[in-house]
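Okay, thanks everyone for coming.

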Amino acid sequence: MTDFPSEDDADMEYRDQIETFFRDREQWLTEAVTRLVSIDSVTGEAKPGMPFGEGPAQALKEALTIAEELGLKAESFDGYVGTVDLNEKETTLHILCHLDEVRPGSGWTETEPFTAAEKDGVLYGRGVSDDKGPSVAALLAMACVKSIEPDLKHNVRLILGTDEECGGSDLAYYYAREPYAPCTFSPDAEFPVINVEKGRYAPEFSKTWEASEELPRLISLRGGEQHNAVPADAEAVIEGISMPLLMSRAQVGIRITGAEYRLSPAGEDRIRVTAHGHGCHASEPEKGINALTALMALMGVLPFAESESKEMLHFLLDMLPHKETTGKSLGIAMSDRESGPLTVALTTLDFTTTGVKGTLDCRTPLCADERNCRQRLEKTFGDRGFTCRGEMLPAHSTPADEPFVQTLLRCYSEYSGKEGECLSTGGNTYVHNIPNGVAFGAIPPDYDTSMHGPDEHIPVEDLLTAAKIYAQAILELCS
């Protein structure tokens, strides 16, 4: 077992050297992050040597190139992950970052999603905070450590994954073949230390019925691209309702939902309605405006003819009211002191004249289990003839009093000037279910980077501070 310095004997002897190393690194960091952000690394079709498509593979290749430019040993692990090592000694610490991204969505104003831009010291672009920017910070921290202690007692391995956003099969592949490290942290969340992560339950529901030709009727309602993101856009097509009536209902809907609605002709006697909300990560659905539920709310006040399609629309409206994110109407609201409340987001929906299928994203506290969550939700949908299936990923917890965790907190406090504490999150970071794993930055506490939303951003200075913290932590944990 690795011995860690105690609060009394840790004197931060490396701080002056770390500060010196990072004195002129801002431009290098910005350019390295820009190189990675310029690659569209949304998961694509698997190809030989590219298990998650060309984009993630290109991002991995570029990140490993950056590592080698820093004098670090880097290699691809069958295209699933990349590994970057400080030396060839026993590995004490794993750092987990990912290079894949969610789809950009709409609503970007500061830059194009895959073109990083710096404005007033703030970097904009898809991935600058999740997780390409933090990946570069970790690489730079390792280079710093190498310059200060070229003969470090233990190795730290940075693992650069390519499937965090769509299931984590990259790490599953790696850890099925390689051992866990005694300690692991991931710059995939916020500072100080997140040691408790909610579980995740993302069931898919579906139902079919006979089409009705009675007018007015809903032809289709669709939205959502990622199962773990609150959708910013949704679209419906309706038939048999006049434009003036629809416009008047839409004006009321804008005031109630906070979303924007746009109307346009969609063929004879048909109108297309698009809803624009505000996308966000599904772990914090209360921070967004769900375009799907906002569009459903508008559809719910339209005078559609009686049909099973209309009944199912109103059932979904009753179960998933716009702005409700606690699961109260679904009968699964719950909370505990350690991990906080359960949250629910409708993330995808495909509603037609003959059926519906969709996905929910539930972030479940430690008190949630099969009986009070999964079985209850399946019964709620099953009683109305729906199929509802999904597996529960349990919550994750690492004790706050672990010496490893206390070392991270101390390093954070030294460089941030703020008190370190352990937190919980609804997000499933890269360390979920990794033994003795915690999330450790790189985002400052209570700072909204618009992760998974438009204009994702992070101050360059915050990435530099994170890199300094990581360098100090590596030196303490591996020396």
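Before the first helix, one definition: the expected span of a helix is 1.5 Å times one less than its number of residues. And keep in mind that this is a predicted model.

So, α11. This helix has 19 residues, and from first C-alpha to last it reaches 27 Å, close to the 27 Å expected at 1.5 Å a residue. How many of its residues are buried? 16 of the 19, so α11 is mostly covered, with buried meaning under 20% relative accessible area.

Now bring in α4, residues 132-148. Its 17 residues should span 24 Å at 1.5 Å a residue, and the end C-alpha atoms are 25 Å apart, which agrees. α4 is mostly covered too, with 15 of its 17 residues buried.

How do these two sit against each other? The axes of α4 and α11, residues 460-478, come within 8 Å and cross at roughly 45 degrees. That makes α4 oblique to α11, and the crossing is right-handed. If you want to click through the contact, on the α4 side you have G133, P134, A137, A138, A141, M142, C144, V145 and I148, and they meet L463, A467, Y470, A471, I474 and L475 in α11. By class, that contact comes out as 14 nonpolar residues, one polar and no charged.

Next pair: α2, residues 26-37, and α3, residues 54-69. Here the axes are 9 Å apart and the angle is about 155 degrees. Angles over 145 degrees count as roughly antiparallel, and therefore that's what we call α2 and α3. From α2, the residues W28, A32, R35 and L36 meet A59, E62, A63, T65, I66 and E69 in α3. This contact has six nonpolar residues, one polar and three charged.

Okay, on to the strands. K207 is found in β11, residues 204-208. Is K207 buried or exposed? Buried, with a relative accessible area of 12%. Leaving out residues up to four places away in sequence, K207 touches E308, M312, T354, G355, V356, R384, G385 and F386. For a sense of scale, the C-alpha atoms of K207 and L477 are separated by 53 Å, and the two are 270 residues apart along the chain.

The other one is T343, in strand β20, residues 343-352. T343 is buried as well, at 6% relative accessible area. Apart from neighbours within four places in sequence, T343 is in contact with K198, A282, S283, P285, T325, D361, C362 and R363.

As a reminder, most residues other than glycine have a negative phi, and most peptide bonds are trans.

Where are the cis bonds I want to show you? One runs from D130 to D131, with omega near 10 degrees, and D131 is in the loop between β5 and α4. Another joins L215 and P216, with omega about -5 degrees; P216 is in the loop between β11 and β12.

Then positive phi. N433 isn't a glycine, yet has a phi of about 70 degrees. N433 lies in the loop between β25 and β26 and is partly exposed, at 37% relative accessible area. S450, also not a glycine, has a positive phi of about 60 degrees. You'll find S450 in the loop between β27 and β28, and S450 is buried, at 11%.

That's my tour, thanks.

Notes. Residues are numbered from 1 along each chain as its sequence is written. This is a predicted model: local features need pLDDT of at least 70, side-chain atom pairs count only at pLDDT 80 or more; totals for chains, interfaces and linings use all residues. Side-chain values use heavy atoms; hydrogens and water are left out. Axes are lines fitted to C-alpha atoms, for helices over the stretch in contact, and angles run from 0 to 180 degrees between N-to-C directions. Helices (H or I, at least four residues) and strands (E, at least two) are DSSP runs, numbered from the N terminus. Angles under 35 degrees count as roughly parallel, over 145 as roughly antiparallel, 65 to 115 as roughly perpendicular and the rest as oblique. A crossing is left-handed if the near helix is turned anticlockwise from the far one by less than a right angle, and right-handed if clockwise. Contact means heavy atoms within 4.5 Å. Ala, Val, Leu, Ile, Met, Phe, Trp, Tyr, Cys and Pro count as nonpolar, Asp, Glu, Lys and Arg as charged, and the others, Gly among them, as polar. Buried means under 20% relative accessible area, exposed over 50%, partly exposed in between (1.4 Å probe, protein chains only).
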